[in-house]
Amino acid sequence: MGFFTAARQGRKDDAELGKGLWRRAHDRFHRGLDRYHQVLEGVEDEQLYAELVEVANELAGLQERVRTVCVEAQRRSPSEGLDIPGDLAGVHRSLSKAGNSLATTAEAAAMLRLAVGPVPVGAASVRRRAESVFEQVADAERRLAEDAAGGGLPESLSG
């Protein structure tokens, strides 16, 4: 991405995501994807590489969903700081967990990359960690939809 393209994207992100909580959640997820893709660069085993690329493609498919959640959350509860809005605390928690899970997924892939010899179970450990990322993004979407419908339980009851 060129300098001007990056600057334009930054302005668009500021407008859609703000500069607070929701922007940080979005950017954290994006950095996690970048880390995962960086790990792929060092994988020498072709079969393992193919499995990890498949997971990478699936995870990359989540990026637009995370952005959509963050943009909508910013629209409903604008954030320029780090205060978590009570009505969307569950959405933030799910996005935060998704970012953490994505980081551990990249870590698991890095551990496989460093393994000596063939990996008997392939990318099973990476896939398990990636599944939690999918679940947490889906949970953030569900919580956001519940908040929009007004039918969700208060955050203290829904957990």
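First, the ground rules. The model is predicted, so local features need pLDDT of at least 70 and side-chain atom pairs count only at pLDDT 80 or more, while totals for chains, interfaces and linings use all residues. Residues are numbered from 1 along each chain as its sequence is written, and side-chain values use heavy atoms, with hydrogens and water left out.

Let me start with the whole chain. The protein chain has seven helices and zero strands. Helices here are DSSP runs of H or I with at least four residues, strands are runs of E with at least two, and both are numbered from the N terminus. Read from that end, the order is α-α-α-α-α-α-α. Of the 159 residues, 38% are buried. Buried means under 20% relative accessible area, exposed means over 50%, and partly exposed is in between, using a 1.4 Å probe and protein chains only. Next, contacts, meaning heavy atoms within 4.5 Å. Among contacts between residues at least 6 apart in sequence, 79% join residues at least 24 apart.

Now the core. A nonpolar core is a set of buried Ala, Val, Leu, Ile, Met, Phe, Trp, Tyr and Cys residues joined through side-chain atoms within 4.5 Å. The largest one has 38 residues, and those with the most contacts inside it are Phe29, Tyr36, Leu52, Leu59, Leu95 and Val126. Which elements give two or more residues to this core? They are helix 2 (21-40), helix 3 (46-60), helix 4 (62-76), helix 5 (89-113) and helix 6. Helix 5 gives the most, with nine residues. Take Leu95 as an example: leaving aside neighbours within four places in sequence, Leu95 is in contact with Trp22, Ala25, Val66, Val69, Cys70 and Ala140.

Helix 6 covers residues 124-149, which is 26 residues, and reaches 37 Å from its first C-alpha to its last. That is close to the expected 38 Å, the expected span being 1.5 Å times one less than the number of residues. Its buried residues include Val126, Ala130, Val133, Phe134, Val137, Ala140 and Leu144. On spacing, an α-helix has 3.6 residues a turn, so residues three or four places apart point the same way. Just after helix 6, Gly150 takes a positive phi of about 75°.

How does helix 6 sit against other helices? Two packed helices are described by the angle between their axes and the distance between the axes. Axes are lines fitted to C-alpha atoms, for helices over the stretch in contact, and angles run from 0 to 180 degrees between N-to-C directions. Angles under 35 degrees count as roughly parallel, over 145 as roughly antiparallel, 65 to 115 as roughly perpendicular, and the rest as oblique.

Helix 4 and helix 6 have axes that come within 10 Å and cross at roughly 30°, and are therefore roughly parallel. In this pair, residues including Val66, Val69 and Ala73 of helix 4 meet residues including Val137, Ala140 and Leu144 of helix 6.

Helix 3 also packs on helix 6: the axes come within 11 Å and cross at roughly 5°. Helix 3 and helix 6 are therefore roughly parallel to each other. On the helix 3 side are Glu51, Leu52, Glu54, Val55, Glu58 and Leu59, and they meet Val126, Arg127, Ala130, Val133 and Phe134 in helix 6. Glu58 is partly exposed, with a relative accessible area of 29%. Beyond four places in sequence, Glu58 touches Arg127 and Phe134.

Helix 3 and helix 5 have axes within 11 Å that cross at roughly 170°, and are therefore roughly antiparallel. Here Leu48, Leu52 and Leu59 in helix 3 meet Leu102, Thr105, Ala109 and Leu112 in helix 5.

Ser94 lies in helix 5 and is buried at 4% relative accessibility. With that same exclusion, Ser94 touches Gln136, Asp139, Ala140 and Arg143.
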